[in-house]
Amino acid sequence: MRLLLADDHPLFADALRTLVAREFPAAELQVAGDIAAAQEALARAPFDLAILDLHMPGSSGFDGLERTLQRFPGTPVVVISGLARGADVARAIELGARGFLPKTLPAEVLAAALRLVLSGGTYVPADYAQPSLASPAAAEPPGGALTPREVDVLRRLVTGKSNKEIGRELGLQEITVKLHVRNIFRKLDVRNRVEATNAAARLGYGRGSP
């Protein structure tokens, strides 16, 4: 089985290599740093699955996904992204992607999602596909509804906990917490933790226990 990852973030590429080696020992993972290199690899040899970062060099939003699907219609493609909204998920599936994988997915969920796609299915994370179910009765943030995990992170963030402390409590890697915090800042349209705390209070995410 041959997998292609198109992503310009070395830390994520290394993490996926480790995951594939553990969960898919017979698989070969090739990494491309931009959309042009990814398409060159796809032109040279067949792959069972192509995993494309939504935002990377040579690709503007969904442009890289569209071009790849048009050039290689026989290759299943899934999208990965550190920043995602329900609209992004819907757009990717509408264009023909076989799944949408937030980089914040726990390793076991990511492995299960890849198995589903490799078996012919389509993976859509419920938290992103159904944003109306992802937050409590508070008003929806400007950039989209927070997922349940983002709410977990935010409620700890406003108490002053560090990323490492939040990760320890939630069983997450620190880099995963950082991605969640970045998504929260974007969705709340804030620049730092003080502004996030103020926004959380306005939206009803208090300092109470999660």
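Visitor: How much space lies in the largest cavity?
Guide: This is a predicted model, in which local features need pLDDT of at least 70 and side-chain atom pairs count only at pLDDT 80 or more, while totals for chains, interfaces and linings use all residues. Residues are numbered from 1 along each chain as its sequence is written, and side-chain values use heavy atoms, with hydrogens and water left out. A cavity is a set of points, on a 1 Å grid over the protein atoms alone, where a 1.4 Å probe fits but cannot get out; points are joined across faces, edges and corners, and a volume is the space filled by probe spheres set on them. The largest cavity holds about 40 Å³.

Visitor: Which elements give two or more residues to its lining?
Guide: Lining residues have an atom within 4 Å of a point, and here they include I35, L52, D53 and L65. Elements are DSSP runs numbered from the N terminus: helices (H or I, at least four residues) and strands (E, at least two). Those asked for are β3 (49-53) and α3 (63-71).

Visitor: How much space lies in the largest pocket?
Guide: A pocket is an open set of points with protein on both sides within 12 Å along at least five of seven lines. The largest pocket has 26 lining residues, with F12, A15, K103, I175 and T176 nearest its centre. Its volume is about 680 Å³.

Visitor: Which element gives the most to the lining of the largest pocket?
Guide: At least two residues each come from α1 (10-23), α5 (107-118) and α9 (174-188). With seven residues, the element that gives the most is α1.
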